[in-house]
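Biologist: I would like a close look at a single part of this model. Please keep it brisk.

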Amino acid sequence: MTTWYRLSGAKIDNLPEVIFEDLSKYYSGKHIDRKSISVIVGSDSGKVRNGIIKYSTVVVVRRENHGALAYWKVDKEKFFGNLSKNRLKLLNEAQKSLDVAIWLEPILNSFGLKITNIHADVNNKEIHFSNIVYDEIMGLIRAHGFNPIGKPDCWAAHIVAHNKT
């Protein structure tokens, strides 16, 4: 079972329920145009240490010009890849985000919300290593019906998730 947390570190028992409760409290008494709310999922990973890699996945619920609420989880796994070639690591990051988006999407739909974007910590510039999987990861995310965002605009993965690795 995966444990989710608020950015403050407080443990969450039921993420979808908490998202809905937080939105209700955060925006209570205000008319909320649900189109102004975006839900972004992103993942990042840390360095491999003693054969273990830590993946951090975040869900950010953002209301345009009114701040955001964020939730995160960490998965630790054995890593068998070649450390000098991080292709597998980058693909795993994208899959972690997809797994959460696929799980959360129908629940969000029941509240009139949807996953707006999946942020992938990959770069399309040839000077960066992640370029070798950029098209593959963007295609993978699109194939699942989500809108992918890569660098430099993938702040949920590159900044928020990275902060928890």
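In which sense do β3 and β6 pair, and over how many bridges?

Modeller: β3 and β6 pair in the parallel sense, over four bridges. Two strands count as paired if DSSP finds at least two bridges between them. Helices (H or I, at least four residues) and strands (E, at least two) are DSSP runs, numbered from the N terminus. This is a predicted model: local features need pLDDT of at least 70, side-chain atom pairs count only at pLDDT 80 or more, and totals for chains, interfaces and linings use all residues. Residues are numbered from 1 along each chain as its sequence is written, and side-chain values use heavy atoms, with hydrogens and water left out.

Now β6 itself. β6 and β7 run parallel and are joined by two bridges. From β6 the chain crosses through helix α3 (residues 131-143) to β7, a right-handed β-α-β crossover. Right-handed means that, with the strands pointing away from the viewer, the path from the first strand over the helix to the second runs clockwise.

β6 is mostly covered, with four of its five residues buried. Buried means under 20% relative accessible area, exposed over 50%, partly exposed in between (1.4 Å probe, protein chains only).
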